[in-house]
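Visitor: I would like to learn how to read the contact between two chains. Could you take me through it step by step?

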Protein chains: 2
Amino acid sequence: MAVYTEVSDEALRAFLADYALGELLAFRGIAEGVENSNYALKTEAGDFILTLYEKRVDPAELPYFLGLMEHLAAGGMACPTPVHGRDGAALRALAGRPAAIVTFLPGVWPRRVRAEHCAPLGKALAEMHLAGVGFDMRRPNALGPKGWAPLLDGCRARGDEVQSGLIAELDAALAGILAAWPAEGALPAGQIHADLFPDNAFFLPGPDGQPRVSGVIDFYFACTDLFAYDIAVCLNAWCFEADYAFNVTRARAMLGAYRAIRPLSDAELQALPVLCRGAALRFLLTRLYDWTHTPEGALVTRKDPVEYLRKLRFFSGAETLSAFGL
Amino acid sequence: MAVYTEVSDEALRAFLADYALGELLAFRGIAEGVENSNYALKTEAGDFILTLYEKRVDPAELPYFLGLMEHLAAGGMACPTPVHGRDGAALRALAGRPAAIVTFLPGVWPRRVRAEHCAPLGKALAEMHLAGVGFDMRRPNALGPKGWAPLLDGCRARGDEVQSGLIAELDAALAGILAAWPAEGALPAGQIHADLFPDNAFFLPGPDGQPRVSGVIDFYFACTDLFAYDIAVCLNAWCFEADYAFNVTRARAMLGAYRAIRPLSDAELQALPVLCRGAALRFLLTRLYDWTHTPEGALVTRKDPVEYLRKLRFFSGAETLSAFGL
């Protein structure tokens, strides 16, 4: 479900009158995305995405997200570009919600990741990190290390219902991760995506028939944090098989392509194992929180937290870089 | 939720190779629709809809549905036209499901129906009825009068949980409707849509700024039944306010525009009240069945059966045509 707010056609037409996009031609809800209401919008000017920001998004943070997308697009990244209204504003209101129109990106997200996706993904990630340099707004990572203890506390009452002994295991894992986490300022930081899962990366075949990234979307978890943590998120999201076996070929392809664009320092490389454990814990905790707090019958897909427990355990045993194919 | 089956990009590309649609440019799940998996597909040839038929659809009936759409489109109806593969077949297989590509239709479905939508809707309905003449396949209405007693029996065990006394009220209503139902052959019949709700009708403004029907979609309840029953479905679906008050202005507009294209016989007019009660009962029963059989927590929107109980009660008190503005 990714349409939470319905928009009447009169309200939509009034909203579009504030843009120079010509006449409305079509307007369909999009199934993908879980945080906001997304519509495919077609006007005489072409294809766009209209997003209504729902309650999980803090309106005060929208200028960061929209500004970052605009900065990255201006720097050559294939990411959604906010469309400005006639008065210059990109962030507007529709149906009682903050709303924005962004450009439509071609491409298809990989329902089944293959090693061939991982090099272009690593390249796009590095290009995004470089393109974000010069964007001066900062957004702390609300779901970074400082957020994990409160999240875990929020799961304490019912977490063991998912798996016996889970909370004790996560307490120990969190303590170990925080103890080994890079000190403030020790690693290069900047604007990161922080949620670059396969459904947020579009691909099209290049002239050689191999996949190329045609677009990166959904910057609504983006924040200012360690570049190498963004890599760790991608290693979690892209490099496991369906049976949770870590695929070293994919990791090597992703890291190699990344490093060809933005070399990794020794400190970043040495930190990768703990960053991967942290990223696994981050997705485990938000899924566990949703799992234990979503009422039965709610129209929200509850993602299985156990997937990230398996990944956390893998990375907990992967102390050296050889586990990553390096 | 309207994506039940995920399609890998390799499978999609292999599938598209059987069509002359050029390269794949984009592929996004569509939120609307509840029976099947629907994707917005963009190729070098333009915009299309790819549908994977899920378990509620009997594959043996797909040639009727696709054939009807093709016949109606050939007759000038703005409805999805099945796209044929290079071998001539429109009905194919993808990801283990029957699948078809149909043309994309412009327009926006009205989230809030206004009287201005009802005349063009009535006109399009009449044009569809005429355009279906000459399509020789027949599909009995599985959700017609003969299907209602078994549906009601299926709700008997838990129906009164929705509202006390409901099953007894529906037993009496069904008996009354069946006693008054037009005899076989008494009214003109042909191909009907049978589910023409607002989300199945797209509109765009005409040169005068007034809404015009730009497309009718979702023919997967279409069948061979009384034309006037299709009108009764639309009176149920389009002519009630949010508080379940019947809006005579909308009904008059719909019926007037319909009759300007396809005149209604006296027998059809006299039958409208019982047909409207039957149509209300039909949607009440399928919603009640889903309500009492959908497990809590399932990812399916359960539509409120009480809405159609209110409509059934309205039509039960509307014995004469003056209630319809005639």
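Visitor: What is the area buried between chain A and chain B?

Guide: The size of an interface is often given as the accessible area lost when the parts come together. Here the area buried between chain A and chain B, meaning the accessible area (1.4 Å probe) that the two parts lose on being put together, summed over both, is about 3,300 Å², with carbon and sulfur atoms giving 53% of that area. A:R28, A:V108 and A:R111 supply 20% of what chain A buries against chain B, more than any other three residues. This is a predicted model, in which local features need pLDDT of at least 70 and side-chain atom pairs count only at pLDDT 80 or more, whereas totals for chains, interfaces and linings use all residues. Residues are numbered from 1 along each chain as its sequence is written, chains are lettered from A in the order in which they are written, and side-chain values use heavy atoms, with hydrogens and water left out.

Visitor: How many residues does each chain bring to the contact?

Guide: With contact taken as heavy atoms within 4.5 Å, chain A gives 40 residues and chain B gives 40 residues. Of the interface residues of chain A, 100% are also interface residues in chain B, so the copies meet through the same surface.

Visitor: How many salt bridges are there between chain A and chain B?

Guide: Counting a side-chain nitrogen of Lys or Arg within 4 Å of a carboxyl oxygen of Asp or Glu, there are 9 salt bridges between chain A and chain B; one of the salt bridges joins A:R112 to B:E10, with the closest N and O atoms 2.7 Å apart.
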